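Here is a short briefing for a first look. Please keep the sequence and the 3D view open while reading.

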Amino acid sequence: MTRVAIKALAQRKLRTALTVLAIVVGVGMVSAALVLGDSMKKGADSLSASSYRGTDAVVSARTPFTVSSQQTGATPTIPATVLERVRSVPGVGAAVGDVTDQQVKLAGPDGEPVGDGPYFGVGYDAGARGAGDLTPFQLRHGRFARGAGEVVVDAGTARKQGWRVGDAVKVSGRGPARDMRISGIARFGDVDSLGTATSAVMDLGAAQSLLGKGDRFDNVLVSAAPGVSAAELRRALARELPSSVRVQSAAASDRFALDSLSQVVKWVKVILLVFGGVAILVGAFTIANTMSITLAQRSRELALLRALGTTRKQVRRLVVAEATVMGAIGSALGIGAGILIARGLSSVMASAGMELPDAGTVFGPSTVIVSLIVGLGVTVLAALGPASRSTRVSPVTAMREGADIPPSRFGRRSVPIATGMLALSALLLAAAAFAPGIDAGGRGALIGPGVLLLFLGVALVSPKLARPLASVIGRPLERIGGSAGSLARRNAMRDPGRTAATASALMIGLSLVVFVSVVGQGIRQSTTGALEKQVHAEYVVGSTDGWTEIDPAAAAAVRKAEGVRTVSELTQDQARAFGEETGVNGVDPRTIDSVYGFGIAAGAKPSPASLAGNGALVEKGFADEHGLKVGSAFTVTSAKGDRLRLKVTGIGDPPKFDPLSLGEVTIAQRSFARSFANRRDRLAFVSAAGDSQAAIDEALAGFPTVQALTAADFADEQMSWVDDALGILYVLLALSVIVSLFGIVNTLVLSVFERRRELGMLRAVGMTRRQVRRMVRHESVITALIGAALGVGVGLALAGLVTSAFSDQGLAFSVPVGSLVAFAVVAALAGVLAAVLPARRAARLDPLTALAYE
Amino acid sequence: MFTQLTDAPARIGAPDVEATAVAATDLSRDYGEGESVVHALRSVSLEVPRGEFTAVMGPSGSGKSTLMHLMAGLDTPTAGSVRVSGRELAQMDDNELTLMRREEIGFVFQAFNLLPMLSVEENVLLPSRIMGSSPDRALVDRVIGGLGLDDRRRHLPSELSGGQQQRVAIARAIVGRPAVLFADEPTGNLDSATGTEILGVLRDAADAHGQTIVMVTHDAHAAEIADRVVVLTDGRIVEDRVNR
């Protein structure tokens with residue numbers, strides 16, 4: 001049977017090739033996700049190993065909770081005396097004081113900031129005994145920095161910027177950026193740089209001064225004496241040192257935040273796998289549709305096999321064998337394509353500033369196994385329906401002309417089955433969206449099958465929708481296309497099952513495109529709305545990258561600019577309250593109310609009186625969760641371990657969709673400064689007269705990494721990540737749209753083949769080649785637009801569900817009409833593209849062969 | 001059956017000077033090359049005057065279909081000339097041939113070849129739709145009525161009998177007022193009673209309407225209805241007789 005299967009496939013080369021191509025793209029995505037994920041994981045792992053090699057223990061300040069790695073600036077420091085204590089502990093080989101900060105930015109001599117973060121700033125005591133073993137930085141050129149005017153930069157950044165030893169750069173820490181000269185270029189462990197990070201390695205004293213740490217350290221790095229194990233060393237240190245410090249392994253302290261890198265890697269892999277899965281699902285539709293059309297056209301051949309004594313079981317086996325062969329070829333090619341896609345994606349990510357350490361492409365056996373199982377499994381599963389239908393061909397069909405395969409029992413009951421699927425899907429999705437007490441994983445487990453059932457259900461009812469949709473969509477095309485357009489419309493309507501199945505594949509990709517664009521628009525609008533409501537300042541001063549913090553010296557400089565009336569700084573830090581982590585804001589009680597609205601729901605606005613002493617403004621959600629009312633008392637603990645007894649004087653209810661992600665508790669800056677370590681500002685709100693931009697910019701000249709934006713520009717900038725995210729999602733979804741285009745090409749090629757006699761007649765009675773091409777093209781466009789219509793419907797429904805689930809968070813449901821129109825236009829163009837090959841085939845058809853009798 | 005058509009106006013724009021509807025001169029058609037060349041047609045000349053009903057007969061492989069395809073502009077000859085309404089087809093490219101077929105030639109096929117998704121009326125109007133011209137509604141109504149299809153206008157081909165489907169195909173061919181109508185085994189897919197009926201319809205079209213018809217058939221009984229019978233064997237005309 002396999003031999004017959006292979007011969008049958010070889011006879012229908014184009015159809016087989018197009019079907020295989022659909023599998024290749026889907027499997028390619030999955031295998032790319034696996035290859036990229038494994039490669040990045042290896043990179044991250046090797047980086048972790050090489051970064052912390054040689055450092056057996058890290059001594060740092062004990063904090064009551066884990067300080068987020070993004071907030072190393074807020075980690076309490078330890079006094080210089082700890083270093084002496086450490087060195088006296090038996091078993092210690094070498095120990096050095098260390099400063100590691102994530103917000104030391106490098107800028108070129110022109111002041112243009114470099115990199116997208118994290119921005120490592122390291123104080124390294126190169127002269128200390130054994131220091132070389134306690135740092136990941138390995139000099140390639142030059143020497144380590146000495147004194148306040150020198151810096152060593154990482155090799156990756158130096159290469160990207162074209163920097164050499166001796167070049168002048170600006171280094172921003174506390175206060176205005178300082179001019180420094182590059183004394184050396186270093187590698188980070190085994191790699192040129194740590195992902196997208198920039199590194200500025202300074203003399204320890206220079207770093208302490210740059211970051212305003214006095215003579216204190218962030219860490220003391222320790223290596224064990226010969227013969228002492230790392231664990232023994234850590235035990236000894238823990239025994240000998242005061243309880244105000246903590247002793248950890250280097251990996252546990254993770255001062256270069258490599259764990260967050262691994263998290264990113266994990267997420268990238270999951271996202272790629274999800275989109276690979278979508279592409280596979282679309283591929284499954286294409287395969288099922290192609291198989292069922294091909295089998296319908298081969299009903300006479302199959303009937304002949306039956307008439308010659310082939311059993312039903314053998315016919316089914318033949319069809320499944322064909323699918324298996326295609327699945328195997330497609331998967332094998334897909335795995336190869338996956339490696340190429342992975343390379344492409346990693347260079348796309350690198351150019352988008354998400355470069356990860358390169359440790360070589362990992363092509364593991366799990367990639368091969370998973371890709372093969374997915375590719376083969378999906379192809380065979382997709383073929384099962386058509387295969388079981390093909391067995392229903394009666395042997396007499398061989399003797400008759402143009403007999404069709406009878407619809408399966410399943411097909412006849414499609415409406416009730418689809419209704420059941422849609423109902424179940426609605427139930428799952430509603431539960432995922434609204435049911436209380438389910439965690440994110442649980443919701444995901446409901447959403448996945450819910451969305452799958454939604455797609456399948458819509459695909460099943462779509463034959464009922466295809467006729468009216470084709471009729472409506474075809475009308476305007478009839479105007480444009482004349483007789484060719486009108487025939488195209490009728491062709492699209494004549495086999496609604498086929499048109500619908502073809503369109504459904506496109507529907508999946510497009511519905512997800514519509515979904516992300518509607519949700520993106522909602523996020524954008526909610527955010528802009530929230531910012532307009534909250535920010536009453538003319539200007540907002542923040543970091544040029546939009547997410548890191550700024551030095552208070554920048555705010556002080558702006559305060560002196562001409563035309564500026566008020567500059568109100570906002571400082572943030574982590575804290576613990578009611579046993580959970582939360583954020584605390586420090587504000588200037590005299591000015592904050594004039595530039596930022598907290599949306600006071602109860603109690604007093606933030607004012608010198610209300611925030612005096614232990615007065616605090618809390619967010620309504622926080623107050624409700626912990627049963628706080630105006631006048632209630634509660635306690636927060638800072639990273640330093642200070643316990644603040646606070647009293648609620650006001651409850652704010654700002655728009656929930658808060659792009660500034662302010663803390664839930666707001667206190668006066670004076671109390672904040674006493675108990676919290678963070679000395680940087682999240683933002684500074686500026687109220688100023690008229691056009692003060694030039695004056696403010698001039699005041700900020702010494703701060704290349706700080707910018708002042710008008711309130712409107714600030715809102716736009718806060719939104720730029722939405723556009724970035726949408727861009728990436730569109731690219732990933734484009735792959736599944738491409739798979740569905742193969743489906744359209746396939747269906748059209750098969751339809752043209754099937755209708756060759758009709759086409760011959762049309763040519764004979766005077767249809768020009770041009771008109772034939774137009775007819776096929778218009779049918780393709782109609783099919784694509786049906787897919788677009790279904791996709792828009794399903795996408796809007798999904799987006800509506802999600803936005804209403806998050807409506808209490810302030811997420812608006814807003815339809816980006818322009819984008820939807822653009823998607824429809826793209827779908828129509830895709831239809832035109834898909835029709836190129838089939839239309840050419842149809843036009844080239846010789847009327848004589850078409851009219852010849854068998 | 002076609003008496004109501006006798007007063008139909010003469011075909012607009014067609015030069016009436018041309019007394020010959022279609023003429024083949026020294027027409028040859030070879031298939032293949034070298035050793036394996038097949039001479040399907042060997043220097044055949046045939047002139048069909050306007051209004052004549054000609055039957056082309058011959059066994060399978062005699063070249064009768066090839067002759068029809070060449071005269072209908074569906075195929076290009078290896079040598080010789082074909083003139084339809086005085087215009088030479090041999091030099092035309094595909095587009096010109098298509099336009100020629102559209103305006104001057106009608107077809108009736110063995111397999112009817114109606115579009116399954118179009119109604120009877122839409123099928124009849126199809127050629128004028130393709131041309132983008134507005135059909136002569138009065139003529140269409142008379143033809144459909146004359147063929148007894150009035151109450152079938154909205155039906156789909158699949159709802160009609162074979163004889164009815166072939167009537168629709170004939171209606172489709174003659175409402176375009178072609179210079180010549182080619183019928184390729186028009187009764188081949190029909191039982192003998194229905195076949196006779198369809199031959200009657202064609203005969204009426206020739207008598208009542210002056211429609212020039214060239215019918216290819218291997219059925220001697222069918223050929224009897226024509227004015228003239230041309231018999232082909234091995235790519236040559238072996239007999240050319242007038243029936244009455």
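The points below cover helix packing, the chain contact and salt bridges.

This is a predicted model, in which local features need pLDDT of at least 70, side-chain atom pairs count only at pLDDT 80 or more, and totals for chains, interfaces and linings use all residues. Residues are numbered from 1 along each chain as its sequence is written, chains are lettered from A and ligands numbered from 1 in the order in which they are written, and side-chain values use heavy atoms, with hydrogens and water left out.

- Two packed helices are described by the angle between their axes and the distance between the axes.
- Helices here are DSSP runs of H or I with at least four residues, strands are E runs of at least two, and both are numbered from the N terminus.
- Axes are lines fitted to C-alpha atoms, for helices over the stretch in contact, and angles run from 0 to 180 degrees between N-to-C directions.
- Helix α15 (residues 496-534) of chain A and helix α24 (residues 817-844) of chain A have axes that come within 11 Å and cross at roughly 160 degrees. That makes α15(A) roughly antiparallel to α24(A) (the term covers angles over 145 degrees).
- In contact (heavy atoms within 4.5 Å), Leu510(A), Val513(A), Val514(A) and Ser517(A) of α15(A) meet Ser819(A), Leu820(A), Phe823(A) and Ala827(A) of α24(A). By class, the contact of α15(A) with α24(A) has six nonpolar, two polar and no charged residues. Ala, Val, Leu, Ile, Met, Phe, Trp, Tyr, Cys and Pro count as nonpolar, Asp, Glu, Lys and Arg as charged, and the others, Gly among them, as polar.
- α15(A) also packs with helix α21 (residues 711-754) of chain A, at about 170 degrees and with axes 8 Å apart. That makes α15(A) roughly antiparallel to α21(A).
- Helix α23 (residues 769-805) of chain A and α24(A) have axes that come within 7 Å and cross at roughly 145 degrees. Their contact has 19 nonpolar, two polar and three charged residues.

**Where chain B meets chain A**

- The contact takes 25 residues from chain B and 21 residues from chain A.
- The two chains bury about 2200 Å² between them, 63% of it on carbon and sulfur atoms. Buried area is the accessible area (1.4 Å probe) lost on putting two parts together, summed over both.
- In chain B, Leu74(B), Met117(B) and Ile130(B) lose the most area to chain A, together 26% of what that side buries.

**Salt bridges**

- A salt bridge is a side-chain nitrogen of Lys or Arg within 4 Å of a carboxyl oxygen of Asp or Glu.
- The structure holds 36 salt bridges over all chains.
- Three salt bridges span the interface of chain B and chain A.
- Asp94(B) pairs with Arg769(A) in a salt bridge, with the closest N and O atoms 3.5 Å apart.
- Glu569(A) forms a salt bridge with Arg559(A), at 3.1 Å between the closest N and O atoms.

Methods: Angles under 35 degrees count as roughly parallel, over 145 as roughly antiparallel, 65 to 115 as roughly perpendicular and the rest as oblique.
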